[in-house]
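Take a walk through this model, one element at a time. Keep the sequence and the 3D view side by side.

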Amino acid sequence: MSDPSQQPSRQPSPRHEGASPGARHASGGTDELEHALGSAPTGAEPGGGADAAGARPGGRRRGPASAGGAQGYAPRRTLTLRAEAARQVTRRRTVVTAVLLALLPVLLVGAFALGDGDTSGAPDFVQLATEGGANLALFTLFVATGFLIPLVVALLCGDPLSSEASWSSLRYLLVSPVPRRRLLRSKLVVALVSSVIAVAELMVVAYLLGTLVYGADPLVSPGGDAFDLGEGLWRLGVATAYVLVSTAAFGGFAFLVGTRSDAPLAAVGSAVLLVVISTVLDQIQALGDLREALPTHFQYAWVGLFQPDPAWDDLLTGSLWALLWAVVAIRLAFWSFGRKDVLS
Amino acid sequence: MLLPGPAAAVPPAAPAPEASASAGATPSAGATADGLSEDAAAVDVEVLQVPVGAEPTAPDDEVALDVAVYRAPGGTDRRPAVLLAHGFLSDRTDRDAQARELAAEGFVVLTWSARGFGESGGLVHLDAPDFEVADARALVDLLAERRDVLLDATGDPRVGVAGGSYGGALALLLAGTDDRVDAAAAAITWHDLAGALAPSAVPAVGASTPAAVEDTEPGVLKRAWVTQLAAARGAVPVAGVGGPGGASCGSLAPDVCTAYLDAIATGEVGEDLADLLRASSPATVLDGVDVPVLLVQGQQDSLFPLSEADATARRLAEAGTDVRVRWIAGGHDGDTSGGGFSTAEDDLFAFLDETLASGDAAEGAPGFAADVPDDDSLLDQALSGAAQQPGAPPVAGPTPDEEDREVLELPGYPGAGGDAGTPPLEVRDVPLVGDVQQVLSPAGGTPSALTTLPGAGALGGGLAALGAGLAVLPGQSATFDSAELEDDVLVAGAPTVRLVVTSTASDATLFTSLLEVPSGGQAVLPRQLVSPVRLTGLVPGEPARVDVALPAVVHRFAAGSTMRLLVSSTDQGYAVPQDGRLYGVALAAEDAAPAVGVPVAPADDVVLVSGETEDGGVEVPWGLVIALGVVLLLSALLGPVSRRVDARRAAPATVPALGPGVLAGAASLEGDGPPPPLVVDGLALVYASGLRAVDGVSFTVGRGQVVGLLGPNGAGKTSTLRMVLGLVHPTEGRTLVLGHEVVPGSAVLSQVGAFVEGPGLLPHATGIANLRLAWQATGRPLEDARIDEVLEIAALGDAVHRPVRGYSQGMRARIAIAQAMLGLPDLLVLDEPTNGLDPPQIRALRDVLRGYASSGRAVLVSSHLLAEVEMTCTHAVIMRRGQVVAGGSLEELTSGGAGDGAGGTAVVVDDVERARAVLSRLPGAGVERTAERAEPSDRPAPGDGELTVTGAEPEDVVRVLVEAGVAVHRVAPRRRLEEVFLEVTGT
C-alpha cells in the first residue's frame, strides 16, 4: 500500500456548513447536546466572523499571538488576580498556614503562662515579651524572622506553580490559553500579596492578643528605651516590612524553583535549604564582607530600629541585597518558564 | 600604667622578625587588622633594633630597643615625625593601628617597646630620667639622622611625642628635657606619681582651676592598684625574702622593686620610693616644657584622676605654655582605647597636624572640652552587656561611638592662665545638714567599703549598676544631705567641703565622695570615685578642722535630687589603719552655714556632638543601588527583546504554504473558503539525543470531521498533540488553527478545547468549581461557558458538588472532557478520552463527538481502541515511529488496496431498506448498515445509504441487488480498520 500521505486527498474538503442538521445522529442522552450545538455558533460562527476574517490575506492588523481568539477572549483578561486568588484561597495549605500563623502568638502566651516566670537571664526580647501587646508582637517577629517567615514565604511563592504542575492543571491553563508571562505574573502577585497578608496576620494577632493579655503598654526595647504606642507601632510596622523585603530573596528563589519543578516540596524545600546554607556560610568569619551578600546576613538588621536613633544603614543594605536577589530570581523564572516545554 | 583595656585585650600582632638597622620595608603582621583604612593598611613598616644605655646591674650587656618606623609609601619628601609611646603592660604593637593611621596622615611614626617591655631588653625603671627618658632622646637622635624626617635644624627633627598613661608621662618628661620636641600629647597620666599613688586630697590653695587638688603627705596608699601594677611586671612579695630576690622582681628594676614591695607591705610610701617616684614625675620638668601640650584625662579613673591633669595644666598655663585639656569619659577604670586617648583620638590627630605640619589651628577646637556622661546609657550598657548570651542572635545595641554625646566646651582651661585666660567656673555653695556622726574604723580594716575595682574597665559599669550600696557600710560612714535641688546642677570638677574631725588616735584616714540621691531612687556614686584624706598629728579627742577635696567628676545632679556627702572610714582599694579607732565627723560651721562648694559648668557651653553619623542621615550603599538598577533595567530591556523573538517565531501564517504532504482538507486552503480548524504542517520533535520522536507529521482536520489519531505506543501521538497545543516547542514545522499559527499562549488556542494525557483538576475544588475556575482563567464572559450543557455531557449528577479528590477515574475523565468542551470550541482535541469509561459511557461519548463535529466543529481524538475509532471517526491518521503512514477518510482507508473480501463488500444503493431485505436472503450473508461517516454531500441523493455485506462474494451481492431492481451506485471491498492498521504499522 502506498503511503497515503504522499497523495493529495481524494476526499472533497468539507465546506463550512454551519449548523448542519445533526438529527440523524441523535440518540438517547445527547438530545440536549444536539440542541446546544445547534445553537452554538450564534455570535461566533465557527470559522466565520471577525476573528477568522482577520486571518485572511490582508487581515494582519493584529499580532499573530493575539489573533484568532474566541469572542470575548483577550489575553489581558486571562487568569486575573481574582481568578488566581480563587484557585489558591480554598486550598487546604492556605487554610492550615493561616491557622498556624494565628496560633503561634497563642502558643507563645501559653508558654509564658506555663513558665515559672524565671527571668533571671537577661533583659532581652524574651523577658520583655510580656510587657504589653507591642512587645509581644516584637518578640513574635524576633522568633519568626529566622525561619518561620522565610518558610511561609517560600511556601506561598514556590507552591502555586509547582502544585498546578503536579495536578496537571498547568497545561490546561496554558491552552486556555493563559499566556505564560501572564500566568507567572498573576501567580507571583498573588503569592507576594498573600505573603504580606500572612506576616501581617501574624503580627496583628500577636499585637491584639498581647494587648488583651498584657495590656496596651508602650514598647520597651532591650536597650531600655521606651517608645510610646504610636511610635512603637510605627517602628514595628517598618520592622515587619523590612522582614518581608529581606525574605523576598527566598520567595523569589522558591518561585524560580517552582517554575522548574513539578513537586511543591522541591520548591519549598530548596528555599529552606538556601536559608540553612546561607546561615551556615554566614558563620564563617573568613568570608568577611562577602557575607553581606548572603540573604540571611542582614535578616536581623531590623533590630536596629528599636533604639532611639534607628540604624538605617544595615536595613538599607539588607533590603537592596534582598531585592537584588529577588529580581534576579524572578527574572530567571520568567525567562526559563517562557521557553519551557510543559510536559506535566 | 595603662592596663590592657578593651583595645589592648586584642592579642598584639606578632613582632616582626629580627631585622638589622638597614632593613628595608617589612610588611607588618598586623597590616590586615580590622578597622584600618586602606591607606593605613598600606603603610610601610620598618623594624629596627636600636642600642641604648645598659642596665646598671649588667653594665656590659647592651640593651636594644625594639623599634618600628611607619611611613606611608611614595615620595622622598621629609615629613614631620611622631614618637608614639605605649602604656604599662603592653608593647609597641599595641600602638600599631594608631601608628598606621598617623603615618597615613603624612607623618613618620616611630613606636618602640620601652625597656622591660615586649621584645626590648632591660628592666622597668618607671620612666626614670636616666633610662626611659634617655632612651627616648636616643630615638629622637635616630629620627634626626633619617633622610625622610623633616628637620628644624641639623640634628633637630620636627617631632612630637604622644602617649597614654606610662607613655603619657614619658611624653611630658621628654618634652621637658629635650628642646628638640615640638609638641607633646599625654593621656590619662600622672602629674606627681608619689601623690597619685598615695594621695591625700585637699584643695589646692590659691588655685582656681576646677579640679585643683593638692596631695599632701603622707597620703593613703592605693594598695590595690600598686599591688596589681607591681604584680603585673612579675614583682610579688615573697615570704622570707627581705630584699630584692631576683626572681620575685620580674622585669622591675631592683630599686623600684624593693621600694614597691616595701610600700605594699607597710601601706606607707617610704622615702626611697617617694624619691624614685618624684624623679619620674612630669611635675619636676614642667618648667622646661615650652611647646604646645595636649592633656587628656579620664573621668572614670581611680588611678590618675582629673586632678592630675589639672595640676599639670595649671602649672603649664601659669608659665604661659599653650595647653589644651580634654576630660574624656574613659580612663583606667573604663575605656582605654586609642592608647588612652579614647574619644579624644581625633583631637590628638588634629593637635599633631596643627603643631607639627600645617600650623593651622583646627577649626573650632576648644581649649577645654569635657564629655558629659549620660548615666542612663552607662547603666543600660552594663545591663545589656551582661544580658548578651553566647549563641543568641545579634542584638544591635547602641554603641557609645554612634550616639550623640554632650560635651562641655570652653575656649581655654577655666581658671588657668590668669586674667587673660578663661575665667574659672562658678563655685556654688550647696548647704548641707547633718549632726556629728560616729564613724568606726574597724581593726584590720575589714569589712571595707567597695567602690571601684582597679582597672576593671569592663566591670566598671557593672559596679555602677550596683549603685552606691556597697560604698556605704553601716557604722563606718557619715552622711550629710542637701535640700532638694531646684535645677539641674552640672558639676564639673572637684567639690570642696570643710569638716571637723575627731579621732581616738593621733591620725585619721577618711574617704569622701558626693552622691546623687534621686527623689525616691537609689543613691548614685558618680564614676565610683572616692577621695582619700589623711590627717596626722591629731590630739585624740580634740576636733580638728580640715578642708577636703571631693573626687573631681563631671556629673549632672538632676533637679529634685539631693546631694549627699559621704564620709567613710574604709575603702577596699586603699591601705587603711590596721588598729581600730573611732572618728567623729561633723560639718564645720564657724563662719557660715555648712555647705559643699561645687564647681558648676555653665549650661550654655554644653554642646551636643553627634557621633559617627556626623554627616547626617544614612550611608547609602551606592554600589548595590546601581547593581539593582542595572538588573531592573536589563529585565525591562530583555522582556521586549524576548517577546520580539517569540513574535518572530510566530510569524503570521495567513496563507499556509503547505507541501505535498497534506492529507485531508487541502482543497479548502487553496480556495477562498474559511481556513480549516487544524492544519498540522511538517511537525517534528527532535530530542537532544537525536531521537526524532515526531518526524514530519502533516495532516488536516476539516470542519465536521472527527479525526482519529492512531498508532502503536511510542508512535508520537501525544507529542504531536502537545505541539499542536503549544505546550511543547516543535523542532520543525508548525500548527495552524483556523489559519493562525499556534505558539505558546496564542489567542487562537481559545478556540481549542483539550483533554490531553489525563485530567488536570484542582483536587480541593468540586467538579463544578473546577469548571468555573477553568473558565474564569480564560477571562471570557461566564454566559459563553455553557456550563450547564457540558455538565449534561459529564453526567455526574450530584457528584459535581463534591471535591474532585474523591472522584473515580471515570468521573475525573468525564469532568475533564466537560472542561475541554467549555465554551464549545471549534476544535476539540482529546487524547485517549475513553480511558476509564465504561461501555455505556463510551457509547454516549461516541454520540457526543459525532454530534459535536456534525455542527460544523471538528474533533481530533487519539485512541488505541480501533473499533471505537472505526465507529466514531470520519477520518483517521495512522502514525508509526513519528511519521504518518496512512491517512484519509475511513472509507478510503478501509476500501482502498487489495481487499480479500474478508471485511465484506460495501455497496451504496438508492433504497437501503429494500437492499437490506434482498441481501438478507443470500445464504450466509450478514448485512449491516454502515455507520454514518461520509459527508451528506457525498451522497448522490437523499434516501441513499451504504450497506456492508459479509459472508458473500461481491458478484453475488451485485447480482442479487440488480435482480431486485435496486440501483447500485458503488461497490467496493471493505476491510476492517484493524486490518489496515496492522498492515501499515507493520505488526
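In which loop does B:Arg975 lie? It is the loop between E41 and helix H24 (977-984) of chain B. Helices here are DSSP runs of H or I with at least four residues, strands are runs of E with at least two, and both are numbered from the N terminus.

A word on conventions comes next. This is a predicted model, in which local features need pLDDT of at least 70 and side-chain atom pairs count only at pLDDT 80 or more, while totals for chains, interfaces and linings use all residues. Residues are numbered from 1 along each chain as its sequence is written, and chains are lettered from A and ligands numbered from 1 in the order in which they are written.

Back to B:Arg975. Is B:Arg975 buried or exposed? B:Arg975 counts as buried because it has 22 C-beta neighbours inside 10 Å. The cut-offs are these: buried means 20 or more other C-beta atoms within 10 Å of the residue's own, exposed means 12 or fewer, and partly exposed lies in between, with C-beta atoms placed from the backbone. B:Ala906 is 69 residues away along the chain, yet its C-alpha atom is separated from that of B:Arg975 by 9.3 Å.

Four strands of chain B form an open sheet in the order E39-E40-E38-E41, and the pairing is antiparallel. Two strands pair if DSSP finds at least two bridges between them. At the edges are strand E39 (926-929) and strand E41 (968-973) of chain B, each pairing on one side only. From one strand to the next, the twist averages 20°. Five bridges link strand E38 (residues 905-909) of chain B to E41(B) in the antiparallel sense.

Helix H22 (residues 912-919) of chain B lies across E38, E39 and strand E40 (945-950), and runs at about 10° to E40(B). Helix H23 (residues 954-964) of chain B touches E38, E40 and E41 of chain B, and its direction makes about 165° with that of E41(B). Angles run from 0 to 180 degrees between N-to-C directions; axes are lines fitted to C-alpha atoms, for helices over the stretch in contact. Contact means that the C-beta atoms of two residues, placed from the backbone, lie within 7 Å.

Move to another sheet of chain B. This open sheet has four strands in the order E29-E28-E31-E32, with antiparallel pairing. Strand E29 (692-701) and strand E32 (740-741) of chain B each have a single partner strand, so one side of each is left without a neighbour in the sheet. Strand E28 (residues 678-686) and strand E31 (residues 732-737) of chain B run antiparallel and are joined by five bridges. B:Val679 has B:Leu736 in E31(B) as its bridge partner.

Next, find strand E23 (residues 553-557) of chain B. Five of its five residues are buried. In a regular strand the side chains alternate between the two faces of the sheet. On one side of E23(B) are B:Val553, B:His555 and B:Phe557; on the other are B:Val554 and B:Arg556; all are buried. Strand E18 (residues 489-493) of chain B pairs with E23(B) in the antiparallel sense over five bridges. There, B:Val489 stands opposite B:Phe557.

Now a helix pair in chain A. The axes of helix H7 (residues 148-166) and helix H9 (residues 180-214) of chain A come within 9 Å and cross at roughly 155°. Residues in the contact include A:Val152 and A:Leu156 of H7(A), and A:Ala191 and A:Ala198 of H9(A).

Finally, step back to whole chains. Chain A has 12 helices and two strands, and 49% of its 344 residues count as buried. Chain B has 24 helices and 41 strands, and buried residues make up 53% of its 987 residues.
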